[in-house]
Number of protein chains: 2
Amino acid sequence: MEQRILLGPGPSMVPEEVYQAMQRPVVGYLDPELFEVLTSIQKRLRLVFQTQNEVALALPGTGMSGMEAALGNLIEPGDSVIIAVHGFFGARMVEIARRYGANCKVVQQTWGQPIDSEMVEAALKETPNPRLVAIVHAETSIGIAQPIQDIARLAHDYGALVVVDCVTSLGGLPVHGDRVDVVYSAMQKCIGGPPGLAPITVSPRAWERIQTRRSPNLSWYLDLRLLWDYWNEPHIYHHTASPTLLYAMDAALRLIEEEGLENRYRRHLETAQALWQGLGELGFRFMIDEPNRLPMLTSIEAPVNEAELRQRLLRNCNIEIGGGLGEWKGKVWRIGLMGRSCTRENVDLLLGALTEMR
Amino acid sequence: MEQRILLGPGPSMVPEEVYQAMQRPVVGYLDPELFEVLTSIQKRLRLVFQTQNEVALALPGTGMSGMEAALGNLIEPGDSVIIAVHGFFGARMVEIARRYGANCKVVQQTWGQPIDSEMVEAALKETPNPRLVAIVHAETSIGIAQPIQDIARLAHDYGALVVVDCVTSLGGLPVHGDRVDVVYSAMQKCIGGPPGLAPITVSPRAWERIQTRRSPNLSWYLDLRLLWDYWNEPHIYHHTASPTLLYAMDAALRLIEEEGLENRYRRHLETAQALWQGLGELGFRFMIDEPNRLPMLTSIEAPVNEAELRQRLLRNCNIEIGGGLGEWKGKVWRIGLMGRSCTRENVDLLLGALTEMR
């Protein structure tokens with residue numbers, strides 16, 4: 001079957017080396033060979049997360065399991081948390097945190113606008129004993145690159161932990177994992193594997209919090225303490241790890257190492273700039289101004305018959321782009337340039353197809 | 001890399017056709033081609049679950065996510081539930097149900113003994129308004145095939161739903177999905193795929209219960225209502241489904257269809273009987289008497305230096321068998337004959353290796 005040109009919000013196109021890795025035979029969850037893969041992934045994850053954290057692993061689920069694990073393992077019922085929302089995924093954080101019993105203070109920003117650190121500080125001032133501040137680094141629903149550092153500093157000043165959703169940014173933008181507390185992502189975007197695993201890293205401070213919970217994590221499946229005891233000595237059985245997905249992740253991370261993080265960031269930015277120039281020339285209006293625009297996810301105002309045009313792109317040109325989510329459903333197109341999908345050739349293919357469709 | 005001979009508690013050896021299926025290119029989570037795969041899997045799952053239930057899908061996690069989803073979606077905090085325990089996985093059900101706020105009435109049976117329906121009836125009599133009875137069909141920790149039908153009838157008489165763990169049995173033993181309410185399994189045992197997805201089916205009665213919950217499922221990631229809305233029209237985005245794992249599952253289920261369920265059950269039984277004869281001749285003592293012994297998982301008393309011998313089997317003969325779990329750790333060996341691993345050739349290989357090691 002022909003490979004789709006995947007220029008939507010993810011998954012991105014999977015490199016041949018990763019498909020190849022998935023042909024490696026499945027072994028048992030206690031096989032010493034698998035433990036080597038687990039160790040290799042942990043080392044490589046620390047590199048892409050740009051962290052010295054000891055705790056770095058891949059959850060047995062998609063990126064959304066990362067969101068739930070990050071929030072759930074830190075929250076105990078009744079805890080106050082601050083969640084900054086400027087798109088679809090921020091709103092999901094609120095939904096999940098509430099299910100875990102948190103009192104959520106929502107810092108609501110207009111969709112498409114970055115969140116000011118002042119807004120977060122106001123919430124911190126109003127919230128006694130805030131457990132955490134959660135924020136999305138790369139809001140895939142709108143295409144904004146959210147500055148994190150000032151907000152993280154403020155949160156720490158007020159004694160709160162910082163949870164950052166890097167589902168779309170990890171591997172394509174610097175994430176500075178050491179300056180925040182819990183960062184999670186997904187395998188199928190700028191990491192370049194198939195969907196199915198969620199990388200996560202936890203700071204010593206957040207890990208201490210998890211160790212000293214009064215009650216266990218509500219989800220047993222996503223309990224980071226149990227998962228960590230499997231990922232490391234004494235390798236206590238928790239779930240049957242998927243060697244296939246772990247081989248894929250290790251191979252995808254190896255490709256990142258080989259390319260080099262800085263080269264990879266540059267490739268994502270320069271390829272995006274070529275896309276932006278072409279879209280601009282075609283008269284498309286960008287939803288996000290350039291200083292805050294994500295390289296790996298560009299949102300533009302969509303034509304009125306957007307759904308039909310996207311279908312035509314998929315059927316006739318074999319190219320996938322994304323429609324809008326939530327408030328922006330039917331109103332925007334989301335064009336992804338992630339991982340292996342992020343090439344000048346794909347940009348040219350898409351611009352050519354869009355030119356013809358006009 | 002050489003394929004391990006996987007004769008442990010799972011994963012089983014993955015057929016070449018399934019590896020091949022995973023080479024099919026990844027597509028987006030809203031791609032019409034992926035929807036066709038989702039539909040095909042649902043149909044095929046109804047066949048192996050032996051059910052007319054409309055709700056049949058694969059959860060984005062391993063078998064343990066199936067356990068958590070089955071219990072979590074039915075339980076609301078404060079609900080009374082009855083859990084029958086005669087091994088490691090029954091005990092896990094108790095742990096998960098408690099995290100979800102259930103009052104657990106535990107029907108504790110000695111490890112290695114089947115659970116009598118009288119024990120469950122006594123618990124039903126003592127429990128006002130029991131929400132559900134949960135039980136493991138094929139306890140992988142001990143190797144027992146637990147009769148379910150009488151217990152299911154009793155539970156229904158008392159107004160309780162019936163949750164059955166078929167992680168190890170589905171695809172290798174009849175599961176009679178229509179006589180109980182929620183059945184879940186895993187992909188990597190008698191289904192014959194790599195680990196990573198958990199098939200689950202829900203009866204209309206249990207689905208009604210899920211629809212009329214007063215509070216949402218505590219886990220957002222494993223919320224069956226949201227998952228079902230993705231698996232079917234209107235295909236609302238919940239998580240980024242893993243096409244790779246879904247292709248694998250569809251291919252594994254197609255192989256089951258081609259073999260035929262009855263043939264597959266017979267193959268598992270007859271291959272196990274050959275193993276049992278050989279193990280008996282070698283003087284091994286069986287932990288479970290034959291009428292209740294699982295074909296796909298045989299537990300035997302282990303030699304004193306069992307860990308060292310298992311290591312030797314793995315290193316020298318490339319054969320994996322399982323050690324004991326929980327109470328039986330260090331005391332038993334667990335030999336799996338599941339899916340593609342379940343062949344006379346593998347039985348002969350193992351018996352030969354064990355003979356040499358004596």
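Select chain A and chain B and look between them: 24 residue pairs are in polar contact across this interface, both partners at pLDDT 80 or more (N or O atoms within 3.5 Å, one able to donate a hydrogen and the other to accept it, with sequence neighbours counting only if both atoms are side-chain atoms). This is a predicted model, where local features need pLDDT of at least 70, side-chain atom pairs need 80 or more, and totals for chains, interfaces and linings use all residues. Side-chain values use heavy atoms without hydrogens or water, residues count from 1 along each chain as written, and chains are lettered from A and ligands numbered from 1 in the order written.

H1 (16-21), H2 (32-49), H3 (63-74), H4 (88-99) and H9 (243-259) of chain B each give two or more residues to the side touching chain A. H4(B) gives the largest share, six residues.

Now zoom in on B:Arg4 and A:Asp31. They form a salt bridge, with the closest N and O atoms 2.6 Å apart (the rule: a Lys or Arg side-chain nitrogen within 4 Å of an Asp or Glu carboxyl oxygen). The count between the two chains is six salt bridges.

Zoom out and select the contact residues (heavy atoms within 4.5 Å): 61 from chain B against 61 from chain A. The copies meet through the same surface, because 100% of chain B's interface residues are also interface residues in chain A.

Technical notes:
Helices (H or I, at least four residues) and strands (E, at least two) are DSSP runs, numbered from the N terminus.
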